[in-house]
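Hi,

Have a look at it first, then read on whenever you have a moment.

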Amino acid sequence: MEIISPLPGVFYRKPGPDKEPYVNEGDAIVAGQTIGLVEIMKQFSEVRAEAAGVLVSFKIDDFGIVNPGDVIAIVE
Amino acid sequence: MGFDIIEPGLSTTVQDQGRIGYYRYGIPQGGSMDQYSASLGNRLVGNTHKEAVLECTYIGPRITMTSDATIAVTGAPVDVFVNGDSVPQYERLSLKSGDELKFGVIKGGTKYFIAVHGGLDVPEVLGSRSTYPIGSIGGVNGRAIAAGDSISIGKKIDNGLPVLQSIPEADRPVFSPTVNVRVMLGLYNHNLSDKGLKKFLDGEWTLTPIADRMGLRYSGPGVEWKKREQPFGAGQDPSNIVDAGYAVGSIQIPGGTQPIILHRDAVSGGGYAMVATVISADMDLVARSSPGTKTRFVSVTMDEALEARREMTARDARIWS
């Protein structure tokens, strides 16, 4: 399963510069869990998993630019 | 009579043709960022130009109707769902009380519009229903819509025009990853060096994610300024001027690196040199640009700008007949 960005902006894996990442590759996640943030127009929107599974890999780097429809992460 | 907001979307605001006549007091005209797309929605649902619509940014709202309504979704391409079923954009849609309206992932552009027959019945402030969030005026309590809001629909309207079921393909706006934006040079292009002006007009500029109703920032080759002694009252950077009024659509280049187009909610004055101004006919084109859009600034004369405005007005008159 792919986690898609619904909006453009900058992708962050941590809730704040001094914080731990929301999730790391290989971690189990539950449906609705936040896996990162996208910043656009000075707003930070949480990116959530739609279903439970294991987050296999991130397709966008921390601080990477995303566009709507881009795959952020793969969940199996 | 109206609808309830279940989820508000990223930044969904009530907008109309704008708050005209107060710019000189520092209140921007605002209004739908892509006026043409918004007007097509009003045309489809049988309104006049003046009714207020919902402007959705990237992520639209989820709405439950509390009365029957005729609506249309225009502007940026997006999947539209009524009770989970896909329905077309640029068409007149009949919703029943209890219907749920929601949206998929935006496929281009930044803004799509929900027009409703009768318009959105929020109070007029200084002659407009447009939301200006920084000034906390207009729209729903001066802010973007929020979950739990109930928005009323205005009274039925007879605009005297034949019913239009859908907007023909040829009349729909285009959302392109490359655009030529027509500008008139000035008022401060004389502060650019010849090489700087050439870089501005010959360069390809890419819209950054730093873009909203106030302004849109572009990255690209940068510019160069003439060497001059900064006058009293101007900042030390050559991109600074003694404060002056900003024309709507002004392009300033703080530091000389990233041009910013001032759009409908921008401030009315300040201390950056405006090297050029987007012509009125191309303000909607700028509003349709999403981050990553490759942009060239094309210099036109006043006559060419006025001709472009006449063409825009003629197209509008044809659609509203």
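Let me start with chain B, where the centres of domain 1 and domain 2, taken over C-alpha atoms, are separated by 28 Å. Domain 1 of chain B covers 2–171 and domain 2 of chain B covers 178–319, with bounds that come from an automatic or database domain assignment. Before going further, please keep in mind that this is a predicted model: local features need pLDDT of at least 70, side-chain atom pairs count only at pLDDT 80 or more, and totals for chains, interfaces and linings use all residues. Residues are numbered from 1 along each chain as its sequence is written, chains are lettered from A and ligands numbered from 1 in the order in which they are written, and side-chain values use heavy atoms, with hydrogens and water left out.

**Between the two domains of chain B**

To the contact (heavy atoms within 4.5 Å), domain 1 of chain B gives 27 residues and domain 2 of chain B gives 24 residues. Together the two domains of chain B bury about 2,100 Å², with 50% of it on carbon and sulfur atoms; buried area here is the accessible area (1.4 Å probe) that two parts lose on being put together, summed over both. B:Tyr23, B:Met33 and B:Tyr36 supply 34% of the area that domain 1 of chain B buries against domain 2 of chain B, more than any other three residues. There are also 3 salt bridges between domain 1 and domain 2 of chain B, where a salt bridge is a side-chain nitrogen of Lys or Arg within 4 Å of a carboxyl oxygen of Asp or Glu.

**Salt bridges**

Over all chains, the whole structure has 17 salt bridges. One of the pairs is B:Arg318 with B:Asp171, at 3.0 Å from N to O.

Another is B:Asp79 with B:Lys107, at 2.7 Å from N to O. B:Asp79 sits in the loop between strand E5 (69–75) and strand E6 (80–82) of chain B, and B:Lys107 in the loop between strand E9 (100–103) and strand E10 (111–116) of chain B, so this pair ties together parts that are 28 residues apart in sequence. Helices (H or I, at least four residues) and strands (E, at least two) are DSSP runs, numbered from the N terminus. B:Asp79 is partly exposed at 30% relative accessibility, and B:Lys107 is exposed at 55%. The cut-offs are under 20% relative accessible area for buried, over 50% for exposed, and partly exposed in between (1.4 Å probe, protein chains only).

B:Asp282 and B:Arg182 also form a salt bridge, at 2.9 Å from N to O. B:Asp282 lies in the loop between strand E19 (274–278) and helix H3 (283–287) of chain B, while B:Arg182 belongs to strand E12 (residues 178–185) of chain B, so parts 100 residues apart in sequence are tied together by the pair. Here B:Asp282 is buried, at 4% relative accessibility, whereas B:Arg182 is partly exposed at 30%.

In chain A, the side chains of A:Glu46 and A:Arg48 meet at 2.8 Å, N to O, in a salt bridge. There is a network too: salt bridges link B:Glu55, B:Lys111, B:Arg213 and B:Asp265.

**Nonpolar cores**

A nonpolar core is a set of buried Ala, Val, Leu, Ile, Met, Phe, Trp, Tyr and Cys residues joined through side-chain atoms within 4.5 Å. The largest one has 50 residues, and those with the most contacts inside it are A:Ile35, A:Ile72, B:Phe3, B:Leu54, B:Ile71 and B:Ile114. Apart from it lies another core of 31 residues, including B:Val181, B:Phe200, B:Leu216 and B:Ala273.

Leaving out residues up to four places away in sequence, A:Ile72 touches, among others, A:Phe11, A:Ile35, A:Val47 and A:Ser5. A:Ser5 is itself buried, with a relative accessible area of 0%, and is found in the loop between strand E1 (2–4) and strand E2 (9–12) of chain A. With that sequence limit, the contacts of A:Ser5 include A:Pro68, A:Asp70 and B:Val105.

**A sheet in chain A**

In chain A, 4 strands form an open antiparallel sheet in the order E5-E4-E2-E7; strands pair if DSSP finds at least two bridges between them. Strand E5 (43–48) and strand E7 (65–66) of chain A are the edge strands, each pairing on one side only.

Happy to talk it through!
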